[in-house]
Amino acid sequence: MADFVEVENLRRVFDVSKPWLNRVLEGSDRQLLRAVDGVSFGIAMGETFALVGESGSGKSTVARMVVGLLPPSSGEVRIAGISMTDPRATAERQRLRRRIQMVFQDPYASLNPRWRVDRIIAEPIQAFRLLRSEAEIRERVGELLGLVGLHPDDGSKYPHEFSGGQRQRIAIARALASDAEFIVCDEPTSALDVSVQAQILNLMRDLQDRLGLTYLFISHNLAVVRHMATRIGVMYLGRIVEISGGRELFSEPKHPYTRMLLDAVPDPAMTGRQRIAVRGEVPNPINPPSGCTFNPRCPFANERCREEIPALLGGVACHAVHEGRITVSEAA
Ligand SMILES: Nc1ncnc2c1ncn2[C@@H]1O[C@H](COP(=O)(O)OP(=O)(O)OP(=O)(O)O)[C@@H](O)[C@H]1O
Ligand code: SF4
Ligand SMILES: [Mg+2]
């Protein structure tokens, strides 16, 4: 059976050119930024698929295309078999909207500050006409507040009366208000203190178990992803460079970039692994390196790496791994 969420060869190019007159006067060319360049993955129902990668790797751009907030330059997204991109599927997509929600990083910005919490949570219930009577809506809002660990009385307060963690609970209750099945979480806890982060992550896992939710979970933090994901895709400059089961990625990282990220995770259980010192920063995405875009930072780069883009084969996009120049055991 097809996955609940299917993402196929998704691409998104942004035109980041200077205005036309500047280009003419300065003699500069049109500039295109490939934010997402051929990303494919599937998410089974009830699973958590995580995308991890440094800032600018294209995670949020993928998320926005998956939920239909941003049209892709090419490629396709299907959720429950319905295309999010095909213009002919507009009516079906409309019916699907209720089932898909997004939770953002910044709970301060994502809640209307002038609305009481009960109105914030009731809004999707009313918008999708899930319940009609005032009493039913009030009861459902109280139930949702309880589900995310808040008190039903909290509904009469305003967002500013809550802490960051509590505000994220409100955002989650709002996402659940439309009976969502698939929730895209873009850095949902990275604005929060570490101890609060853990509470919210545990709440999300608990809700997943109780409600059978499917998550696309985005984070730059591997430790967080490890706690949440059944499968993980590692992104670098718009591409998935490694995709594997959550456990495998930590016990048998294959791609040099994944190894670099893991080396940065403070975890005593991972000592003993060969340390790869990877220097440098993420290159400018407007003018990325040729071949494998990781090559300027990679200790295993050779001539082929500078010329030929490695395909994602066996869950990893790396010539050295495909050629057997570096082995998995070397990383252990
Ligand atoms: N609307 C836009 N116009 C032009 N460039 C954009 C736009 N949105 C994103 N980009 C660029 O696309 C690339 C990917 O951005 P994106 O926000 O998806 O990365 P990210 O992995 O979510 O990063 P972060 O961890 O910082 O949130 C970046 O180089 C970014 O500058
Ligand atoms: S393809 Fe080459 S440069 Fe890219 S990660 Fe593999 S070894 Fe390094
Ligand atoms: Mg982002």
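Contact here means heavy atoms within 4.5 Å, and helices (H or I, at least four residues) and strands (E, at least two) are DSSP runs numbered from the N terminus.

Before going further, some ground rules: this is a predicted model, where local features need pLDDT of at least 70 and side-chain atom pairs count only at pLDDT 80 or more, while totals for chains, interfaces and linings use all residues. Residues are numbered from 1 along each chain as its sequence is written, chains are lettered from A and ligands numbered from 1 in the order in which they are written, and side-chain values use heavy atoms, with hydrogens and water left out.

Now select H6 itself, residues 134-147. Its 14 residues reach 20 Å from first C-alpha to last, close to the 20 Å expected at 1.5 Å a residue (the expected span is 1.5 Å times one less than the number of residues). Colour Ile 137, Arg 140, Val 141, Leu 144, Leu 145 and Leu 147, which are buried (under 20% relative accessible area; exposed is over 50% and partly exposed in between, with a 1.4 Å probe and protein chains only). Look down the axis of H6: the buried residues fall within an arc of 155°, so they line one face (the arc is that of the directions from the helix axis to the C-beta atoms). Turned away from that side are the exposed Arg 138 and Glu 139. After H6 comes Gly 149, with a positive phi near 85°.

Next, the largest nonpolar core, with 61 residues. Such a core is a set of buried Ala, Val, Leu, Ile, Met, Phe, Trp, Tyr and Cys residues joined through side-chain atoms within 4.5 Å. Helix H7 (residues 164-176) gives the largest share of this core, 6 residues. Centre on Phe 217, one of the members touching the most others. Beyond four places in sequence, its contacts include Phe 49, Leu 51, Cys 185, Met 204 and Val 224. A second, separate core of 32 residues includes Val 5, Val 39, Val 66 and Phe 182.

Last stop: ligand 1. Which residues are closest? Among the 13 around ligand 1, they are Ser 55, Gly 56, Lys 59, Ser 60 and Thr 61 (a heavy atom within 4 Å counts as near).
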